[in-house]
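Please look over the sequence and the model shown here.

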Amino acid sequence: MFARRTQWNLSANCYSLAVDHARGSGRTLLDLTAGNPTAVGLHFEGERILRALQHPEALQYEPASKGIAAAREAVADYYAAWGVALSTEQIILTVSTSEAYTYCFRLLCDPGDEVLVPQPSYPLFEFLADIQDVKLVPYELVYDHGWQIEFESLQRAITPRSRAIMVVHPNNPTGHFTRHWELERLNGLCREHELALVADEVFLDYGLADERGCPTFAAERPRPERRLLPRTRLRSSVAAKVGETPLSFADNHAALTFTLSGLSKICALPQIKVAWIAASGPPELVHAALERLDVIADTYLSPNAPVQWAIAELLATRDGIQQQLRQRVQHNLRELDAQLAKAKMTTRLEFDAGWYAVLRTPSTRSDEETAIALLEQESVLIHPGHFFDFPGSGYLVASLIAPEEEFREGVERVLRAMDAGT
Ligand SMILES: Cc1ncc(COP(=O)(O)O)c(C=O)c1O
């Protein structure tokens with residue numbers, strides 16, 4: 001009765017069974033997997049957010065396929081703050097980044113066509129691709145004092161069915177930005193093989209802001225000649241530090257590029273359901289893509305009016321919440337590094353941005369087994385690396401947005417258990 005594409009193995013894996021069991025037991029668990037920014041004790045401007053959702057214009061039905069103009073202008077302003085000049089015509093609103101991926105896959109792929117995805121990365125892609133009848137083909141990211149694209153593996157992965165290269169910038173959970181030299185090679189491959197770039201930038205605003213977080217790519221990059229608003233330099237403390245604006249793929253013109261982002265991370269409001277696609281690239285390709293995306297978006301008209309009318313005001317709340325998140329990440333990272341300095345069996349990988357730290361642990365067994373042992377023996381929840389397709393075992397992923405005290409105690413238990421050979 002059901003389509004083959006929905007024939008998923010829905011039985012719980014050992015780790016989720018162990019989590020259910022631990023939660024059901026009533027034990028207090030220390031959660032180092034926290035990813036929901038609304039549930040980690042941050043202060044939101046609640047009244048301002050709710051007031052923004054009561055715009056009188058929201059009582060009018062205005063079917064605008066790409067989203068209402070005021071909302072798209074607010075998104076264009078967000079990019080202007082990054083030094084990127086976009087016209088509202090280049091922007092299409094969606095309810096989530098996941099929906100934005102769906103539109104891109106629908107635009108670019110016939111059933112069975114292939115999209116190249118970084119590995120390790122975010123695990124949602126698999127389902128998104130299944131639902132759209134798209135085949136994901138992984139390309140490798142390699143780590144050597146920082147992550148980068150392994151271009152030989154990317155080149156090997158390209159076939160006549162390839163339609164797009166996906167990039168997560170900064171990647172989740174490895175937290176590395178795409179460097180300028182990588183972008184140039186990506187553009188070259190896209191032009192050579194007629195591929196599009198799909199860049200997920202949901203964590204773009206979360207560059208590390210302390211002395212560690214000074215990404216060399218920023219210095220490599222020529223200064224954009226486009227319109228820079230005065231607040232550009234204030235937007236990213238990383239940028240301010242090196243006097244340069246980190247790249248956004250929305251400013252890429254050398255290949256057809258779809259840049260995806262939204263309020264779930266920018267404003268830490270995943271429940272509001274606002275995201276977008278910004279299309280850039282060679283004008284004739286962008287024009288053709290936008291015409292087709294317009295039809296896809298018009299078919300669904302997904303974003304609702306109250307939320308669209310609120311976008312400008314919601315984006316205006318981002319500085320306050322991002323500052324809290326940055327402080328939380330910095331605090332937890334300092335705590336982690338202080339504890340790691342005394343640990344024997346665990347280190348962490350370098351990263352530029354984001355909400356996660358990747359821990360390197362002994363690879364004497366699978367990461368799932370390690371995570372289950374930590375849950376059962378230490379009452380700590382931590383992501384096993386295999387969730388994100390890390391190469392081999394010996395990786396755990398800890399959320400840096402977890403409440404400070406919970407993070408401190410959780411990390412202490414993890415590192416102690418690793419040193420004790422758990
Ligand atoms: C890299 C990445 N992209 C997309 C998303 C989903 O974003 P949205 O809530 O807009 O669908 C997430 C959520 O964690 C993510 O980590």
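Which side chain has an N or O atom 2.5 Å from a nitrogen atom of the ligand? That side chain belongs to Asp200. This is a predicted model, in which local features need pLDDT of at least 70, side-chain atom pairs count only at pLDDT 80 or more, and totals for chains, interfaces and linings use all residues. Residues are numbered from 1 along each chain as its sequence is written, and side-chain values use heavy atoms, with hydrogens and water left out.

**The ligand**

| Residue | Ligand atom | Distance |
|---|---|---|
| Asp200 | nitrogen | 2.5 Å |
| Lys265 | oxygen | 2.9 Å |
| Ser98 | oxygen | 3.1 Å |

Taken alone, the ligand exposes 400 Å², and the protein buries 87% of that. Such areas come from the Shrake-Rupley method with a 1.4 Å probe; for residues, only the protein chains shown count as cover.

**The pockets**

Where does the ligand sit? The ligand sits in the largest pocket, meaning that more than half of its atoms lie within 2 Å of the grid points. Helices (H or I, at least four residues) and strands (E, at least two) are DSSP runs, numbered from the N terminus.

A pocket is found on a 1 Å grid over the protein atoms alone: it is an open set of points where a 1.4 Å probe fits, with protein on both sides within 12 Å along at least five of seven lines, and lining residues have an atom within 4 Å of a point. The largest pocket has a volume of about 1,300 Å³. Volume is the space filled by probe spheres set on the points, which are joined across faces, edges and corners. This pocket is lined by 48 residues, and Tyr122, Pro123, Leu124, Phe125 and Phe387 are the closest to its centre. α5 (125-131) gives the most to this lining, with four residues. The lining has 26 nonpolar, 15 polar and seven charged residues.

The second largest pocket has a volume of about 410 Å³. It has 16 lining residues; Leu108, Glu194, Leu195, Leu256 and Leu285 lie nearest its centre. α12 (283-300) gives the most here, with four residues. This lining has twelve nonpolar, no polar and four charged residues.

**Backbone details**

Most residues other than glycine have a negative phi, and most peptide bonds are trans. The bond from Gln119 to Pro120 is cis, with omega near 5°. Pro120 lies in the loop between β3 and α5. Asn172 and Pro173 are also joined by a cis peptide bond, with omega about 10°. Pro173 lies in the loop between β6 (162-168) and α7. Ala268 has a positive phi, near 55°. Its place is in the loop between α11 and β9 (275-280).

Conventions:
A polar contact is a pair of N or O atoms within 3.5 Å; within protein, one must be able to donate a hydrogen and the other to accept it, and residues adjacent in sequence count only if both atoms are side-chain atoms. Ala, Val, Leu, Ile, Met, Phe, Trp, Tyr, Cys and Pro count as nonpolar, Asp, Glu, Lys and Arg as charged, and the others, Gly among them, as polar.
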